[in-house]
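This briefing walks through selected features of the structure shown below, grouped by topic.

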Amino acid sequence: MSLERALELAADAAGRAYPKPTIGAVLVRDGQVVGEGATEAAGRHGEIVALEAAGDRARGATLYVTMEPCAHQGSTPPCAEAVAAAGVSRVVAGSLDPNPEAAGGLEWLRAAGLDAELVDSFAARAQNESWRTWIARGRPFVTLKVAVTLDGRVTVPGERWVTGPEARQLVHELRADSDAVAVGMGTVRADAPRLDARGVPAPRQPRRLAFGRGPLPEGSELELRTGPLGEELAALAHDGVQSLLLEGGPTLAGAFLRAGLVDKLLLFVAPRLSGAGPGLLDALAEPLPLMRLSSRQVGADVLLEAYVREP
């Protein structure tokens with residue numbers, strides 16, 4: 001239950017510590033919460049916020065934290081050492097730290113005599129899925145967003161939109177939460193998309209990209225990326241891009257999937273039949289299994305979410 005509270009704290013603070021991960025922490029002693037917190041905008045880790053809130057009451061307490069305390073000196077001192085110095089007796093972590101420079105906090109705590117447990121919560125890993133991929137794979141976390149009809153078409157003859165207004169509003173929210181948004185040149189030539197986040201709170205606009213051969217149409221504000229996909233993603237990661245929302249057509253979707261560069265799929269399914277037009281992607285070399293499939297209603301449409309790999 002207290003790990004769930006730590007997840008809630010991290011969710012409420014999502015993005016506050018960007019570009020660092022957001023970590024929630026709760027200290028419990030004798031069945032009572034004595035301190036809690038989440039990573040702050042200045043980068044102070046959630047464990048430290050919770051320890052300071054608890055004060056002397058942290059001694060003998062159990063720390064529930066969404067990611068293992070860090071074990072290295074970075075912009076802040078090692079959280080594992082602070083946890084041990086505060087007299088915490090037990091630590092329950094929802095995920096491991098994928099950063100090789102900071103990982104090993106649970107092992108350090110065990111060596112220091114604390115009871116340290118890994119729950120390995122998918123929810124905890126998913127909260128920082130973009131940062132985790134950026135750190136572990138050296139590229140952005142790629143979400144492929146596609147809108148299709150019930151017969152699997154990405155266009156409806158004579159109409160601009162496949163899905164309804166609620167689904168389109170959600171796409172703008174997804175853009176606002178992404179570091180970059182991209183399409184292929186086919187989509188650029190056919191639709192001249194703007195790819196910005198409109199009508200939603202957006203503290204910053206994403207970088208807007210077009211993958212493929214140029215030139216871009218005159219007046220386009222998109223950024224053309226012409227190199228191999230893997231190299232382009234590595235370059236974007238070097239620039240600090242942690243998340244990429246891919247809105248391209250079937251050619252770009254297929255290219256990213258075949259290259260193993262898609263992490264999550266968002267499929268908006270509209271309750272209509274098109275009867276003509278391209279499908280959601282071109283050919284794959286072999287079937288691709290997905291995991292953690294979920295669904296929810298978005299207006300008249302249904303959103304299917306699935307992962308290609310665990311975050």
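Predicted model: local features only at pLDDT ≥ 70, side-chain atom pairs only at ≥ 80, totals over all residues.

In what follows, contact means that heavy atoms lie within 4.5 Å.

- Eight strands form an open sheet with mixed pairing, in the order S9-S8-S7-S10-S6-S11-S13-S12.
- Strand S9 (223–225) and S12 are the edge strands, each of them pairing on one side only, and neighbouring strands of the sheet are turned against each other by 25° on average, with direction ignored.
- S7 pairs with strand S8 (residues 207–211) in the parallel sense, over 5 bridges, and Gly184 stands opposite Phe211 in S8.

**Helices that pack on the strands**
- Helix H6 (residues 129–137) packs on the sheet, where it touches S6, S10, S11 and S13, and the direction of H6 makes about 130° with that of S6.
- Helix H9 (residues 229–238) lies across S6, S8, S9 and S10, and runs at about 165° to S8.
- Helix H7 (residues 165–176) has 12 residues and spans 17 Å from its first C-alpha to its last, which is close to the 16 Å expected at 1.5 Å a residue.
- The buried residues of H7 are Ala167, Leu170, Val171, His172, Arg175 and Ala176, and they pack against strands S6 (141–149), S7 (180–184), S10 (243–246), S11 (264–270), S12 (291–298) and S13 (301–307).
- In an α-helix there are 3.6 residues a turn, so residues three or four places apart point the same way.

**A buried serine in a loop**
- Ser274 is found in the loop between S11 and S12, and it counts as buried because its relative accessibility is 14%, the cut-off for burial being under 20%.
- A polar atom of the Ser274 side chain lies 2.7 Å from the backbone oxygen of Ala276.
- When residues up to four places away in sequence are not counted, Ser274 touches Thr149, Asp151, Arg153, Thr155, Val156 and Pro157.

**Backbone details in loops**
- Most peptide bonds are trans, and most residues other than glycine have a negative phi.
- A cis peptide bond, with omega about 15°, joins Tyr18 and Pro19, and Pro19 is found in the loop between helix H1 (2–12) and strand S1 (24–29).
- The peptide bond from Gly214 to Pro215 is also cis, with omega near 5°, and Pro215 lies in the loop between S8 and S9.
- Asp30, in the loop between S1 and strand S2 (32–38), has a phi near 55°, a positive value in a residue other than glycine.
- Asp30 counts as exposed because its relative accessible area is 73%, where exposed means over 50%.
- Ala192, whose place is in the loop between helix H8 (185–191) and S8, likewise has a positive phi, near 50°, in a residue other than glycine, and Ala192 counts as exposed at 58% relative accessibility.

Key. Residues numbered from 1 in each chain as written. Heavy atoms only, no water. Helix = DSSP H or I, 4+ residues; strand = E, 2+ residues; numbered from the N terminus. Expected span 1.5 Å × (residues − 1). Buried < 20%, exposed > 50% of the residue type's maximum accessible area, 1.4 Å probe, protein only. Pairing = 2+ DSSP bridges. Axes fitted to C-alpha atoms, helices over the stretch in contact; angles between N-to-C directions. Polar contact = N/O pair within 3.5 Å; in protein donor to acceptor, adjacent residues only side chain to side chain.
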